[in-house]
Amino acid sequence: MKEWLKISCLLCVFGFVREIRPSEPYVTEYLLGPWRNITEQQLIQDVYPVGTYSHLVQLVFVFLITDFLRYKPLIITIGAAGVIIWSMLIWTTSLLSLQILEFFYGTYMAAEVAYYTYIYAKVDKKYYPRVTSHTRAAMFAGKLISGITSQLMINLELMNYRQLNYITLATQILAMLWAFGLPKVDKSLYFHREVLEESSTAPPSANQLQMDPQVESAPMHLLWQHFHNAYTNPRVIQWSLWYAIGLAGYLQVTYYMQVLWKVIEPEPQIAWNGAVDAVLTALAALSALAAGYLHSGRLRPKTTLLVLSVLSALEGGSVLICCWTNDIYWSYVGFVIFGALYGFTITVASAEVARNLQEESFGLVFGINTLLALVFQSLLTIIVVSETGFELSPVDQYAVYAFYFIAVALIYFISVLVEHLWQRGSKQVHAKSECLE
């Protein structure tokens, strides 16, 4: 087996096992059930927001140390954080313990940046598209298996909501142990760069491979150079904003959806959360594949923006279906449609950002874009959810999220029209000046 394929397979196994978390589709049902003494209001205002804020704060530090520690320690941290989270979910009962585990959930999510960028430090650039698709597919497959497993366990009455956590804990232990076996990274983009000294008399030997002192002494300078070159490009800014705003809305919608379902159907005979999660994952994966096929070089940038504006408006409409109904099944349908549309739009936005980058700064730019998304998500939480904000009911919260996506669609639609009119006017002025000459 080729080395790059071997490394890709090892990382895919980690991503697949980590995503098998059958307790997640029913975490709200579990927390509001008889196993814990917590109210819906405490869950919404005192527990879940801690995870959002923790993710934001820790991403800043994780993003800076991932390259310095060369990825693998952070991937091990993902598994370790998962073990802590689900151990606490099983064996603790207090509100404080839930808030502490939400802090670790922030670690669990923030450290994902190491998983996504590890592969780029280990394989040649020409394999990037293939290894990216492999790791994404592995995660989708894990989530799909997770959703199917959880639904079967509940429907067949083989497990209750609490017992599903034991499966999740087992997979997180396996993921952590597997992470120790990943090959270590000898070099990284900023803090551990290696260069080959040129030799005019003979091919470079192993002894000629050494650290570049200028780069080693100034990694922050290189970081700043990549940052400046990326974010002075108007197209990168345009698509990065789309990516960040879309991701923020997606995180907020998925984070509290189970609470909304609990409001619509307080005591369901069978909660179909696992099946919904499985269907959404399958459709999101297909949408991502379709986006990669349809978008690759076939659409002009302005056309792409117009298409995504329409899809963003449809995302808002699907969220309205989720909350403006008393039928839980219609809410399920709305959520599945939302997930499928998001899978398409975020794939296109990611591709556009990457296509407009000049250097190998993919990890840096997407790390910053994710950080910006978490800032937007935290603002949404403060304004819509918290006591210092409007403290809206779950139904009203989702109405706000729906119009958030619709507003984004309108803003980008107007920006495309303004850009088109400005370019048209510039061409006319240029044509008149040529005639006068």
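How many residues does helix H4 (residues 72-91) have, and how far does it reach from its first C-alpha to its last? Helix H4 has 20 residues and reaches 29 Å between these two atoms, close to the 28 Å expected at 1.5 Å a residue; the expected span is 1.5 Å times one less than the number of residues. Of the 20 residues of H4, 14 are buried, so the helix is largely enclosed by the rest of the structure. Buried denotes a relative accessible area under 20%, exposed over 50%, and partly exposed the range in between (1.4 Å probe, protein chains only).

The model is predicted: local features require pLDDT of at least 70 and side-chain atom pairs count only at pLDDT 80 or more, whereas totals for chains, interfaces and linings use all residues. Residues are numbered from 1 along each chain as its sequence is written, and side-chain values use heavy atoms, with hydrogens and water left out.

The protein chain contains 16 helices and two strands, assigned as DSSP runs numbered from the N terminus (helices, H or I, at least four residues; strands, E, at least two). Of its 437 residues, 50% are buried. The chain exposes about 21,100 Å², of which carbon and sulfur atoms supply 67%; accessible areas come from the Shrake-Rupley method with a 1.4 Å probe, and for residues only the protein chains shown count as cover. Among contacts (heavy atoms within 4.5 Å) between residues at least 6 apart in sequence, 82% join residues at least 24 apart.

Ser378 and Thr52 are 326 residues apart in sequence, yet their C-alpha atoms are 6.4 Å apart in space. With residues up to four places away in sequence not counted, Ser378 touches Thr52, Tyr53 and Leu56. The relative accessible area of Ser378 is 5%, so the residue is buried. Ser312, in helix H13 (residues 301-323), counts as buried because its relative accessibility is 2%. Under the same exclusion of residues up to four places away, Ser312 touches Trp242, Phe405, Ile406, Val408 and Ala409.

The largest nonpolar core has 116 residues, and those with the most contacts inside it are Val253, Phe335 and Tyr398. The largest share of this core, 17 residues, comes from helix H11 (residues 234-264). A nonpolar core is here a set of buried Ala, Val, Leu, Ile, Met, Phe, Trp, Tyr and Cys residues joined through side-chain atoms within 4.5 Å. Apart from its neighbours within four places in sequence, Val253 is in contact with Val319, Phe335, Phe338, Tyr398, Tyr401 and Phe405.

A search of the whole structure finds 24 aromatic pairs. Tyr329 and Tyr332 form one that is edge-to-face, at 5.9 Å centre to centre and 80° between the planes. Rings of Phe, Tyr and Trp (its six-membered ring) pair if their centres lie within 6.5 Å; planes under 30 degrees apart count as stacked, over 60 as edge-to-face and the rest as tilted. Because Tyr329 and Tyr332 are three residues apart in helix H14 (residues 328-355), they are separated by about one helical turn. Tyr329 is partly exposed at 48% relative accessibility, whereas Tyr332 is buried at 8%. Tyr250, Phe338, Tyr342, Tyr404 and Phe405 form one aromatic cluster.

Zero disulfides are found in a search of the whole structure, a disulfide being a pair of cysteine sulfur atoms within 2.5 Å. The cysteine sulfur closest to that of Cys9 is in Cys12, at 6.3 Å, which is too far for a bond. For Cys323, the closest cysteine sulfur is in Cys322, at 7.1 Å, again too far for a bond. Cys9 is partly exposed, with a relative accessible area of 36%, and Cys323 is buried, with 4%.

Most residues other than glycine have a negative phi. Arg70, although not a glycine, has a positive phi of about 65°. Arg70 lies in the loop between helix H3 (40-69) and H4 and is partly exposed, with a relative accessible area of 29%. Glu391 is also a residue other than glycine with a positive phi, near 50°. Glu391 is placed in the loop between H15 and helix H16 (394-436) and counts as partly exposed at 35% relative accessibility.
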